[in-house]
Amino acid sequence: TVLDPAQARAIQKLPAVIRARAAGGAAPNATVSELAKTPLSSPEDTFGVLRALLQGLENRLSYVRRDVERREALAASTPSIWPAHGWLTGYFGGRADPFTGEPANHQGIDISTDKGQPVFATADGTVESTGYTGDYGNLIVIRHGFGINTRYGHLSSYAVKPGVSVKRGDVIGYVGATGRATGSHLHYEILANGQLLNPLSLLTTQPVN
């Protein structure tokens, strides 16, 4: 299976430790050439070598299949679409606090749009929690596997409940201005092994809906 180029680029932006989790074990040793050199003195030897060759090929095919499945799972779990339609008004990293004007560190990105606009899951995963959470206001956290989580804050309402499985592009909630917000917008974060990532390094396409 060939990954979409944009999706492959997003995966390469993930920390190496995350990508390593999706890698399979060591590939089976190449035994074909070694077996081909085995001296054959009887039909039993021939059948024995053929059985070993077939077993080696089966092992290699199983390895390749597992490797493909793991890469596909990582691709599905990698946040790569924009979580809402709107305008990028807040960037990841240092900025002035919108309330105090003091220097502050912004942990995600802000997408401004009208209240009630849909918010999309940016990758396949399971809804870990929904609820009012301090400055975030109404917050959804999705667990995507491989140590990847996403957060969606300031929502006006939820479209999912904890424990529900979601696919990339599913509507999970609606934009609002709950919590510490100066206006209607979505605050969006990506975490890998608990460490914040710049969402702009992974986002590739607009929501599919």
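**Exercise 1. Is H154 buried or exposed, and what surrounds its side chain?**

*Solution.* Start with accessibility: H154 has a relative accessible area of 5%, so this residue is buried. Here buried means under 20% relative accessible area, exposed means over 50%, and partly exposed lies in between, using a 1.4 Å probe and protein chains only. Before going on, note that this is a predicted model, in which local features need pLDDT of at least 70 and side-chain atom pairs count only at pLDDT 80 or more, while totals for chains, interfaces and linings use all residues. Residues are numbered from 1 along each chain as its sequence is written, and side-chain values use heavy atoms, with hydrogens and water left out.

Strands (E, at least two residues) and helices (H or I, at least four) are DSSP runs, numbered from the N terminus.

Then look at the side chain. One of its polar atoms lies 2.7 Å from the backbone oxygen of T178.

Finally, check the backbone. H154 has a positive phi, near 70°, although it is not glycine. Most residues other than glycine have a negative phi.

**Exercise 2. Where does F146 lie, and what is its phi near?**

*Solution.* F146 belongs to the loop between β7 and β8. Its phi is near 60°, a positive value in a residue other than glycine. With 16% relative accessibility, F146 counts as buried.

**Exercise 3. Which two residues form the aromatic pair, and how is the pair arranged?**

*Solution.* First, count: a search of the whole structure turns up one aromatic pair. The partners are Y152 and Y188, with 5.3 Å centre to centre and 45° between the planes, a tilted arrangement. For the cut-offs, rings of Phe, Tyr and Trp (its six-membered ring) pair if their centres lie within 6.5 Å; planes under 30 degrees apart count as stacked, over 60 as edge-to-face and the rest as tilted.

Second, locate the partners: Y152 is in strand β8 and Y188 in strand β11 (residues 185-192), so the pair links distant parts of the chain, 36 residues apart.

Third, check accessibility. Y152 is buried at a relative accessible area of 0%, and Y188 is buried at 0% too.

**Exercise 4. Which residues touch the most other members of the largest nonpolar core?**

*Solution.* A nonpolar core is a set of buried Ala, Val, Leu, Ile, Met, Phe, Trp, Tyr and Cys residues joined through side-chain atoms within 4.5 Å. The largest one has 31 residues, and I140, I142, Y152, I172 and L186 touch the most other members. Elements that each supply at least two residues include α1 (5-12), α4 (43-77), β7 (138-145) and β8. The element that gives the most is β11, with four residues.

**Exercise 5. How many residues of β11 are buried, and with which strands does β11 pair?**

*Solution.* Begin with the cover: eight of the eight residues of β11 are buried. H185, H187, E189 and L191 are on one side, and L186, Y188, I190 and A192 are on the other.

Now follow the pairing, where two strands pair if DSSP finds at least two bridges between them.

- β4 and β11 are antiparallel, with four bridges; I111 has L186 as its bridge partner.
- β8 and β11 are antiparallel, with six bridges; N149 stands opposite L191.
- β11 and β12 (residues 195-197) are antiparallel, with three bridges; L191 stands opposite L196.

The hairpin of β11 and β12 has two residues between the strands, and N193 there takes a positive phi near 55°.

**Exercise 6. Which residues form the salt bridges, and what parts do they tie together?**

*Solution.* A salt bridge is a side-chain nitrogen of Lys or Arg within 4 Å of a carboxyl oxygen of Asp or Glu. The whole structure holds three of them.

Step one: K167 and D124 have their closest N and O atoms 3.6 Å apart. K167 lies in the loop between β9 (165-166) and β10 and D124 in the loop between β5 (118-120) and β6 (125-132), so this pair ties together parts 43 residues apart in sequence. K167 is exposed at 52%, whereas D124 is buried at 18%.

Step two: E128 and R143 come to 3.2 Å between their closest N and O atoms. E128 is in β6 and R143 in β7, so parts 15 residues apart in sequence are tied together.

Step three: E189 and R151 have their closest N and O atoms 2.8 Å apart. E189 lies in β11 and R151 in β8, so the pair ties together parts 38 residues apart in sequence. E189 is buried at 0%, while R151 is partly exposed at 24%.

Definitions and conventions:
Polar contact = N/O pair within 3.5 Å; in protein donor to acceptor, adjacent residues only side chain to side chain.
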